[in-house]
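Please look over the sequence and the model below before reading on. The report that accompanies them is meant for someone meeting this structure for the first time.

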Amino acid sequence: MMAGELGAAKERGEPLAGLYAAEYPIYARFGFGPAAESASWHLDARAARWSRELPGTVEIVDLPRALEEAPKVYDRVRALTPGAVDRPAWSWERGLGLVPREGESVPKDALTALCRDEDGEAVGYVRYKFGEERWIHQRPDNVVEALDLFAVDVEYEARLWKFLADHDWVGEVVAKELRRSDELWRELLVDRRAAWSDEHWEGEWVRVLDPAAALGARRYEVPGRIVLRITDKDGYADGTFALDGGPDGASCGPTAESPEVTLPATVLASIYLGGFSAARYAALGLLDEHRPGAAARLAAMFHTAIAPWSPTGY
C-alpha cells in the first residue's frame, strides 16, 4: 500500500510526502523521518502576568464570520511557518463542525474568537471550549482548552492566550494537540514558569521523493553550497546532488562531484524543515562527513529561525 502511494506521488511529480504518524516505528522503513516536534502546553491562568501590554482586541464571533476571516489569517501564518500545510475549505468546514465526518466527534459547545489589530484586521484566531465545572476548596478551578490557536506574530498569539486565561472561574488554559515544542509567547510572561509543556512527540514526518525539486524549492537562511550523497533503498531519492542555496532561493541537481556528506533519505527528511540538525545526526553516527566542517555547514544552511510547525494535522 505504501509503495503504491509513494510511487503514485512520485509519478505526479510531487517532491515530498508528509504525515502525522500514529506510531513511531512504522514509517522510517518507508523512508520517512520525523521533521518537526509537537507538544501540549499549559498556562496557569491565575499566575499569568505579562511583561508588557499586549496589542489587539479579541472578539467572539459566530461560525460564518470565523469561516470568512480565519482562513485568511491561517494563510498568513502558513506563509511564515516552515512545515505548515494548506488547510482547504472542506477542512475548515469539518473542523468547525459544519460538515462533520461520519463517526467523528466535533465539540458542539466550542466557541470561536478573532484577535484584531488597531485597524480592525483579523490577525489571530482561536477555537476553544470549557471543561467540566470543578471546584477545589470552595474555589472554581476550571479548565479552558484551546482547540485551534494561531496568530501572525507572537504578541497577538500571546493576546489570545491572555484572553483565555482572563475568563472568570478559569484556573488553567491547555492546548493538548498540535502545538510547537517551543512556544515563544511564554517569554512574554513575567514568570515563564507559569507556562509549561508536556507530552512532547515528533509530530510531522516527511518523506523526500525528489531531492532536486525539494531542496531547490526551499530557502536557506545561511547561504552555502554542499554536495550530498543520499542513500535510499527504495530508490526515490537515491543519488548525488549539488545544492547551492541562500535566503533568496536555491538550485539543486544531480552531480558527478565527490560528496561532502553521505546521509540516508530518513535523515534528509528529518533535517529538511529545519526542525532537527544535521550536527545531531553526525554525532549519532547517522551521517558520514567526507570533508571537515561539511556537517556543520549543512546544519547551518538547513537551520530555520522559526521552528517548523504545522497547525493542521494530516
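## Basis of the model

This is a predicted model, in which local features need pLDDT of at least 70 and side-chain atom pairs count only at pLDDT 80 or more, while totals for chains, interfaces and linings use all residues. Residues are numbered from 1 along each chain as its sequence is written, and side-chain values use heavy atoms, with hydrogens and water left out.

## An open sheet and its helices

Five strands, in the order β13-β12-β11-β14-β15, form an open sheet with mixed pairing. Strands are DSSP runs of E with at least two residues, helices are runs of H or I with at least four, and both are numbered from the N terminus; two strands pair if DSSP finds at least two bridges between them. Because β13 (249-254) and β15 (288-289) each have a single partner strand, they stand at the edges, and one side of each lacks a neighbour in the sheet.

Strands β11 (residues 224-231) and β12 (residues 239-246) run antiparallel and are joined by 7 bridges, and I226 has L243 in β12 as its bridge partner. Helix α9 (residues 294-302) packs on the sheet, touching β11, β12, β14 and β15, and its direction makes about 105° with that of β11. Contact here means heavy atoms within 4.5 Å, and angles, from 0 to 180 degrees, are taken between N-to-C directions of axes, which are lines fitted to C-alpha atoms, for helices over the stretch in contact.

## A loop residue and the cysteines

L189 lies in the loop between β9 (170-180) and β10 (195-208), and it counts as buried because its relative accessibility is 5%, where buried means under 20% relative accessible area, exposed over 50% and partly exposed in between, with a 1.4 Å probe and protein chains only. Leaving aside residues up to four places away in sequence, L189 touches L43, A48, R49, W50, S51, A194 and A195.

The structure holds 0 disulfides, a disulfide being a pair of cysteine sulfur atoms within 2.5 Å. C115 is buried at 0% relative accessibility, and C252 is buried with a relative accessible area of 16%.
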